[in-house]
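I opened this model to look up its aromatic rings. My notes follow the structure.

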Amino acid sequence: MNSYTRVSSWSHRLRQLGLTALLLGGAAVAGQAQNLNYTVGTAANVAGTYTDLAATGTAITTANTDDANSTAQDIGFTFSYNNLNFTQFILNTNGFIKLGATAPSDTKLFLSETDANQLDVFQSPNDPNVIAAFNADLTAAAVGGTEYRVATTGTAPNRVCTIQWKNVSDKAATNPTQYTNLNFQVRLYETTNVVELVYGPTTAGTTSALRFMQAGVKGTSLSNGQGVQPTKQSSAAWSTAVFSDFATVISTQVLNTVNFRSIAPPDAGRTFRFSPAPPTDAAVKAIYTLGKIATQSALPHSVKAVISNTGSTALTSLPVTLTVSGANTFTDTQTIGSLAVGASATVTFAAYPTTLATGTNSVVVTIPNDGNAANNTATYGQLVTPDRISYTDPSVNSNLSVGLGNAIFAAKYTLPAATVIGDVIVTFGAITGNTAPFQVVIYDASGTGGIPGQALYTSATQNRTAAGGPVTVTLPGVAVPASFYVAVKETSATNVGVSYQVEDPIRPSTFYYTANNGTTWTDFINVTPKARVAIEFGTIVPNCSAPTGVVASNVTATGATIAFTAPATGTSGYQIVYGPTGFNVVTGGTTVTTTTASPVVLTGLTPATTYQVYVRSNCSAGGTSVYITPVTFTTACDPTNVVSTFPYSQNFDTILSGQSLPCGITTLDANNDGTTWRISTENPYSGTNDMRYNGIPLNNVAADDWFFTPALVLAPASSSTRYQVAFRYRTSGVGTTSTGTESLEVKSGTAATVAGQTNLLFTNNAITNTTYALANGSSTPVVALLPAGTSTQYVGFHIKSAANQGNLYIDDVSVTAVTVTATTSEALLKATTVFPNPSNGVFSLDIHGANAKGSLGVQVVNTLGQVVYTGSARDNYSNKLDLSNLAPGLYNLQLRNGDDTLTRQIAIVK
């Protein structure tokens with residue numbers, strides 16, 4: 001069984017001591033020499049044959065079997081490596097050779113569990129031209145007689161030099177010995193200059209523990225283009241090892257290592273092969289498509305392919321061809337304009353036809369013949385069905401499995417429209433005695449960056465069987481949006497062993513796991529194995545067709561007309577669901593039901609807002625069709641529109657066509673000097689824009705300029721609602737030095753005029769900060785609450801700086817409604833700010849001056865009155881409130897300090 005296990009950090013971290021010098025030195029060396037002519041693209045992990053040298057060749061003498069270098073040994077022919085020619089090498093007992101007649105800089109060059117200052121041979125700046133088969137702290141095996149030997153066999157120009165380590169063992173340190181007897185070889189091939197690392201019979205120790213070694217080829221230094229290494233985790237089979245270069249090490253600061261835990265020894269003959277890259281060599285690295293594709297819900301579908309330049313020269317005008325044969329025939333060719341050495345490009349082919357015949361497809365991607373014809377083609381099997389969807393290639397058998405215990409493994413699916421899932425099939429590996437429990441969980445994709453968000457459905461607990469294979473979990477018709485996740489949740493500490501196929505490079509933002517119940521999701525692109533997990537689902541084939549040709553027209557500030565073409569038969573009406581862009585069509589939005597055909601007029605929309613509209617049919621035979629792909633439109637600006645729904649927020653990012661300011665924002669050049677507030681892309685705190693006053697040095701005119709919010713309709717005096725303004729501000733500057741001192745006051749009043757601004761909310765006459773400061777109810781200076789009681793208020797931002805100063809920036813203005821009760825103190829009211837609001841689900845809950853004796857209680861309640869979050873917060877602290885797992889919508893944040901309570905509405909927008 002293969003399983004994924006997180007690694008510890010004792011020996012696989014890039015050494016921090018001297019790291020800067022090491023990387024700079026590596027870059028300098030790389031600049032003087034060509035790249036090593038071995039690449040990830042030309043490396044291969046294959047099953048081979050291990051043949052003991054026995055008495056063939058010559059025994060290599062070393063001073064001992066624990067940290068020793070040999071004398072220079074003859075290869076027997078000229079071997080070309082790293083653009084140099086070598087006829088000799090020196091063996092180190094710790095599993096590597098150094099080409100040439102210069103000995104390694106030390107006898108102790110390996111990853112150490114006990115000495116943080118010890119260098120390994122790959123990080124050593126003084127040891128170029130290294131080939132390592134098992135670079136660890138090795139010593140003599142307890143039995144068998146340890147020997148090092150070299151033999152050159154065959155006839156010119158096809159001779160092979162084999163260097164062998166026989167009957168060695170990893171030396172116990174912090175963790176115990178894993179292999180009590182280990183045999184391996186380095187093979188150098190004449191003419192082809194191929195390098196092979198070949199592993200022979202291995203005897204495992206009795207205790208399983210994490211241990212790491214390094215293998216692979218190294219050129220001049222630990223720098224980009226100078227090495228290729230296999231990597232493998234924990235108990236994964238050696239056949240699953242993949243290859244990485246030093247660019248990965250430098251970017252992650254984690255070394256490329258092989259975990260050689262005793263429960264997964266190398267299979268005899270396992271071979272890591274490194275072939276020189278020909279000048280011209282492109283490779284089809286991966287195909288991204290569906291292994292099972294549903295005609296009812298997965299079309300249109302576009303196949304993608306990853307193409308890499310594994311040669312030593314740049315490529316231009318490279319054609320890439322997709323050919324589908326079998327039940328369906330389809331072909332398309334795309335051209336990559338240019339591809340640098342070592343670079344990869346993802347090609348997207350034209351979409352499949354909108355109708356496919358059921359049956360088996362063969363999906364093939366090819367590139368023209370070049371210096372290495374072995375990697376010019378890749379194939380993916382595909383089964384076309386009415387209603388089944390999965391990523392698993394049905395033409396590939398796999399006995400690999402993945403698990404952690406108390407973890408969740410999720411696969412993301414993105415379909416043309418929302419659909420309904422009727423069942424999920426999870427395939428498990430065969431694991432003796434393993435009947436671990438699990439659940440199937442369906443998530444939407446509303447998490448930050450499209451990761452799993454709200455759980456839409458969780459199945460009852462199931463149990464896998466020890467024999468493994470597919471397990472079907474029936475779902476009660478779970479409606480899902482166009483993008484969603486199907487997940488397997490381990491409900492015990494036992495590794496549940498979900499089957500997977502290796503996909504390298506694995507498609508990004510598709511396969512995830514979490515070990516902390518969704519607090520952090522990790523993309524499998526960042527770990528090994530590259531696990532394409534075997535999770536399949538079935539869609540419910542609807543009883544009628546969806547409408548087609550949905551369009552939006554007659555868009556005004558508050559309305560739009562939605563037209564569509566109805567199916568010919570089988571419908572009894574239609575559902576139109578709409579909401580702000582990114583809303584969850586399953587759990588959110590507004591639904592309009594009609595029994596007549598289009599058009600449908602939407603009313604009561606918010607001005608200057610982008611909406612998405614989904615349409616589906618109600619079927620005469622029961623149920624609904626799938627949603628058609630949504631149409632998007634943006635309502636017009638209504639400058640007279642008032643704000644009566646809170647929170648109101650303005651980040652200055654939405655500027656409609658033909659407008660220079662966000663809808664409802666107005667400016668006033670009170671001193672008529674031609675300089676006033678305007679939208680700027682310089683120094684935004686969030687998003688792309690901010691509001692900037694651009695002072696003109698040496699014009700000898702003091703600033704006197706305003707910008708105003710739209711009209712804010714405040715609640716009646718009899719209500720329990722008050723309103724809090726918050727914003728962020730900064731000056732311009734060079735580095736951390738301000739170019740001027742700015743003066744700002746914020747007022748409110750019944751008109752967007754100087755005379756109408758009568759309530760002072762904030763004033764600061766000494767603004768010099770060049771990073772954003774937050775102004776709110778607990779800042780210094782403080783922002784006062786808006787007046788209590790019924791009124792229509794405009795909030796005005798007035799810059800009144802002295803002449804010849806610099807720039808002032810304002811961003812992320814918000815006005816938040818606060819619910820007060822008889823037990824809400826003025827201290828708690830003024831002390832609490834939630835920002836930004838709305839947000840993508842991550843809020844800053846700032847509490848300063850609440851006079852709390854301990855932690856304050858925090859609850860978040862949805863519009864149904866259900867508590868969806870419970871936690872605590874500290875006084876005089878900016879508390880992070882992470883609600884990114886919740887669906888978009890309005891919620892009530894309840895804060896309690898003893899008997900003192902406060903409720904504030906917050907909004908999540910994704």
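These entries cover ring pairs, a cluster and charges over rings.

I worked on a predicted model, where local features need pLDDT of at least 70, side-chain atom pairs count only at pLDDT 80 or more, and totals for chains, interfaces and linings use all residues. Residues are numbered from 1 along each chain as its sequence is written, and side-chain values use heavy atoms, with hydrogens and water left out.

**Ring pairs.** I paired rings of Phe, Tyr and Trp (its six-membered ring) with centres within 6.5 Å; planes under 30 degrees apart are stacked, over 60 edge-to-face, the rest tilted. I got 41 aromatic pairs. One is Tyr-38 with Tyr-81, tilted, at 5.4 Å centre to centre and 40° between the planes. Tyr-38 lies in strand S1 (residues 38-47) and Tyr-81 in strand S3 (residues 73-81), so this pair ties together parts 43 residues apart in sequence. Strands here are DSSP runs of E, at least two residues, numbered from the N terminus.

I checked burial next (buried is under 20% relative accessible area, 1.4 Å probe, protein chains only). Tyr-38 is buried at 2%. Tyr-81 is buried at 0%.

I then looked up Phe-184 and Tyr-199. Their centres are 6.4 Å apart and their planes at 45°, so the pair is tilted. Phe-184 sits in strand S10 (residues 179-189) and Tyr-199 in strand S11 (residues 195-204), 15 residues apart. Both are buried.

**Cluster.** Phe-184 and Tyr-199 belong to one aromatic cluster, whose members include Phe-134, Trp-165 and Trp-238.

**Charge over ring.** I required NZ of Lys or CZ of Arg within 6 Å of the ring centre and within 35 degrees of the ring normal. The charged end of Arg-874 sits over the ring of Tyr-877, 3.8 Å from its centre. Arg-730 lies over the face of Tyr-772, at 6.0 Å.

Conventions: Helix = DSSP H or I, 4+ residues; strand = E, 2+ residues; numbered from the N terminus. Buried < 20%, exposed > 50% of the residue type's maximum accessible area, 1.4 Å probe, protein only.
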